[in-house]
Amino acid sequence: MAALDLFASTTRPDESLFYARNDPRDIRLGESMVRRREHFAKCQVVILGCPQDEGVARNRGRVGAKEAPTEIRRAFYRLPMPGAMGSLRLFDLGDLRLQPTLEATHALHFEVVRQLLKEGKIVISLGGGNDIAYPDGKAAAKQFGRILAFNIDAHLDLRADPEPNSGTPYRQLLEEKHLLPELFHEIGIQPLANSSAYLDYAREQRISLHTLGELQERGVDEILRGPLSTAQVKAIFWGFDLDSVRASDAPGVSAPSPIGLSAEEICRIGALAGRDARTRLIEISEVNPVFDQDGRTSRLAALILMSALVEMAGRWAGEWS
């Protein structure tokens, strides 16, 4: 079977997003990124956007997340280039070509992400709605078999709705056996923001629930130490839903809350994701630029990614030294 043409399945990123300060003493990420086809083979990490929020609309959320891949890139490419990232080769593949239906978009997203993983790339997936966790998680499972998965979220996303939406992805992954309950961890869950029926379902399935209160009491490192000690897992999938963060730090999300993780806590989770050699896919979802304030939430998403990438680069530099 012929490999999927990744470049035919995506559109090229907007060149105006690649910020350049033109100061050799202050190089920005936008000046160091590569995006021409001939550079793809040698890259280690690939950025892919999925600019749609149909799943959010189906879930009766406030739309606007389709603008997020552009705004996250805008914030990300303005950041200074850390010296630690000199050994890391990043490639921006652009945005998925959206299909006539959400289901068809998910199908193409799955194929693109699986092809990237098959080629040995680490994938950064930018939503859009959290429904992309379904094709992302499915692609990781199909490529690696048993995967460890984290949903950093205020909500369980275990809804049993008849149509796929931003509240159903992990239910879909579990029911289709792409995820094993014992290898799935819900991080930062707010019990008061979830139906008791879905909380009961999670407990019946023996999914690990780590509530916001527990995380704030014990700390990020302590909560994640146990799950990350899991052996015989080749790949880790991290889903960062920005509505897990309190609205004072992340006002531009699909479902804001006055309580949640702090910006520092979610960036620390990003750093732990980058530190683990098994991390193959990092997903950012539910950023909603329509409701953002001064780009604060897009900037936080960019800092989560930077936290992960700096750790990845440092780890690889250590392996190669």
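Is aspartate 95 buried or exposed? The points below take up that residue and then the rest of the model.

1. Basis of the note. This is a predicted model, in which local features need pLDDT of at least 70 and side-chain atom pairs count only at pLDDT 80 or more, while totals for chains, interfaces and linings use all residues. Residues are numbered from 1 along each chain as its sequence is written, and side-chain values use heavy atoms, with hydrogens and water left out.

2. Aspartate 95. With a relative accessibility of 14%, aspartate 95 counts as buried, where buried means under 20% relative accessible area, exposed over 50%, and partly exposed in between (1.4 Å probe, protein chains only). Aspartate 95 belongs to strand 3, residues 90–96; helices (H or I, at least four residues) and strands (E, at least two) are DSSP runs, numbered from the N terminus. Leaving aside neighbours within four places in sequence, the contacts of aspartate 95 include Ser9, Thr10, Thr11, Cys50 and Arg73, contact being taken as heavy atoms within 4.5 Å. Threonine 70 is 25 residues from aspartate 95 along the chain, and their C-alpha atoms are separated by 9.2 Å.

3. Serine 9. The contact between aspartate 95 and serine 9 can also be read from the serine, whose partners beyond four places in sequence are Leu4, Asp95, Leu96, Arg97, Leu108 and Val112. Serine 9 sits in the segment before strand 1 (10–11) and is buried, with a relative accessible area of 8%.

4. Nonpolar cores. A nonpolar core is here a set of buried Ala, Val, Leu, Ile, Met, Phe, Trp, Tyr and Cys residues joined through side-chain atoms within 4.5 Å. The largest has 57 residues, and those with the most contacts inside it are Phe76, Trp238 and Ile284. Helix 11, residues 296–320, gives the most to this core, with 10 residues. Apart from it lies another core, of 41 residues, among them Leu93, Leu96, Val112 and Leu179.

5. Tryptophan 238. Setting aside neighbours within four places in sequence, tryptophan 238 is in contact with a list of residues that includes Phe150, Ile152, Leu224, Leu228, Ile269 and Leu272, as well as Thr279 and Glu283.

6. The methionine pair. Methionine 306 has its place in helix 11 and is buried, with a relative accessible area of 9%; its contacts, not counting residues up to four places away in sequence, are Leu29, Phe76, Leu79, Pro80, Pro82 and Met85. Methionine 85, in the loop between helix 3 (68–76) and strand 3, is buried at 1% relative accessibility. The contacts of methionine 85 beyond four places in sequence are Leu29, Leu90, Met306, Leu309, Val310 and Ala313.

7. Backbone geometry. A cis peptide bond, with omega of about 15 degrees, joins glycine 127 and glycine 128, and glycine 128 is found in the loop between strand 4 (122–127) and helix 5 (133–144). Two residues that are not glycines deserve a check of phi: glutamine 232 has a positive value of about 60 degrees, and glutamate 286 has a positive value of about 70 degrees. Glutamine 232 lies in the loop between helix 9 (220–228) and strand 8 (235–241) and is exposed, with a relative accessible area of 75%. Glutamate 286, by contrast, lies in the loop between strand 9 (279–285) and helix 11 and counts as buried at 3% relative accessibility.

8. Cysteines. The structure holds 0 disulfides, a disulfide being a pair of cysteine sulfur atoms within 2.5 Å. For cysteine 43, which is in no disulfide, the nearest cysteine sulfur is that of cysteine 50, 19 Å away. Cysteine 43 counts as buried at 6% relative accessibility, and cysteine 267 counts as buried at 15%.

9. Largest pocket. About 350 Å³ of space lies in the largest pocket. On a 1 Å grid over the protein atoms alone, a pocket is an open set of points where a 1.4 Å probe fits, with protein on both sides within 12 Å along at least five of seven lines, and lining residues have an atom within 4 Å of a point. The lining comprises 21 residues, of which Asn59, His155, Asp157, Arg159 and Gly167 lie nearest the centre.

Conventions. Grid points are joined across faces, edges and corners, and a volume is the space filled by probe spheres set on the points.
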